[in-house]
Amino acid sequence: MPRNRPRALRAEGTTRGPSPRSRDCAPPSRIHGLSTRTSLAVHRLEERCDSFYLHPGATDRALRRYRTFLHPPGRRPLYPQESMCPSCPGCAFDDVRHARDVLDAVLERLPPRPRTELARLVRPLDVALHRRTLPDPFAHRRPWRAEYWWHRRLGDPARG
């Protein structure tokens, strides 16, 4: 059987379709606290998924929101606030519980190694959220997503 020439092999490669990434576009930015490999896996997941929670940049935004919610020092309890417009993917991040929903959706869909690295980053934030928020005694009456522990925390008392 005759050998294919390199030029013929390269020509075959171009007929298969476009390369997954062209050299013209810049690589995605690295998510603070994650390795480059894990950041790339998260970006790929966000691009491929068509969920309400996952869109390009959602994981980075969720981590930032989670950190800023827990940032005020002290021992006073924190109260998650409901977002004014929960149906909008951008405004939904006003509620830290939505940010935690996004992180949970990403953790469910990531491959094992990136999942472990992201979970290692989220775990101390979860501990701080659990420690700095109060349990909601009426959470069992709510029909929406009360199965997750972060939805069973007491919300903003000013909003009722």
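## A first look

Which residue forms a salt bridge with Asp126, and how far apart are the closest N and O atoms? The partner is Arg100, and the gap is 2.8 Å. A salt bridge here is a side-chain nitrogen of Lys or Arg within 4 Å of a carboxyl oxygen of Asp or Glu. We'll come back to that pair below.

Before going on, keep in mind that this is a predicted model, where local features need pLDDT of at least 70 and side-chain atom pairs count only at pLDDT 80 or more, while totals for chains, interfaces and linings use all residues. Residues are numbered from 1 along each chain as its sequence is written, and side-chain values use heavy atoms, with hydrogens and water left out.

## The overall build

Going along the sequence, you read α-α-α-α-α.

Of the 160 residues, 36% are buried. Buried means under 20% relative accessible area, exposed means over 50%, and partly exposed sits in between (1.4 Å probe, protein chains only). The protein exposes about 11100 Å², with carbon and sulfur atoms supplying 54% of it; accessible areas come from the Shrake-Rupley method with a 1.4 Å probe, and for residues only the protein chains shown count as cover. As for contacts (heavy atoms within 4.5 Å), residues 24 or more positions apart account for 59% of those with a separation of 6 or more.

## The nonpolar core

The largest nonpolar core has 32 residues. Such a core is a set of buried Ala, Val, Leu, Ile, Met, Phe, Trp, Tyr and Cys residues joined through side-chain atoms within 4.5 Å. Leu54, Leu63, Tyr66, Leu70 and Leu118 have the most contacts inside this core. Four helices each supply at least two of its residues: H2 (36-48), H3 (58-70), H4 (96-109) and H5 (112-132).

Take Leu63 as an example. Setting aside residues up to four places away in sequence, Leu63 touches Ile31, Leu103, Leu118, Leu121, Val122 and Leu125.

H4 is mostly covered, with twelve of its 14 residues buried. From first C-alpha to last, H4 reaches 20 Å, close to the 20 Å expected at 1.5 Å a residue; the expected span is 1.5 Å times one less than the number of residues.

H2 has 13 residues and reaches 18 Å, close to its expected 18 Å. Its buried residues are Thr38, Ser39, Ala41, Val42, His43, Leu45 and Glu46, and what covers them includes H3, H4 and H5.

## Thr59, tucked in H3

Thr59 sits in helix H3 and is buried, with a relative accessible area of 0%. Its side chain makes a polar contact of 2.6 Å with the side chain of Glu46. A polar contact is a pair of N or O atoms within 3.5 Å; within protein, one must be able to donate a hydrogen and the other to accept it, and residues adjacent in sequence count only if both atoms are side-chain atoms. Leaving aside neighbours within four places in sequence, Thr59 is in contact with Ile31, Val42, Glu46, Val102, Leu103 and Val106.

## Three salt bridges

The structure holds three salt bridges. Back to the opening pair, Asp126 and Arg100: this one links distant parts of the chain, with Asp126 in helix H5 and Arg100 in helix H4, 26 residues apart. Asp126 counts as buried at 13% relative accessibility, and Arg100 is buried too, at 6%.

Another bridge joins Arg97 and Asp95 (3.1 Å, N to O), and both of these residues are buried. Then there's Asp60 with Arg64, where the closest N and O atoms are 3.3 Å apart. Both lie in helix H3, four residues apart, about one turn of the helix. Asp60 counts as buried at 18%, whereas Arg64 is partly exposed at 47%.

## A spot in the loop

Asp94 is in the loop between H3 and H4 and is partly exposed, with a relative accessible area of 42%. Not counting residues up to four places away, Asp94 touches Arg65, Gln81 and Ser83. The C-alpha atoms of Asp94 and Gln81 are separated by 7.1 Å, and the two residues are 13 apart along the chain.
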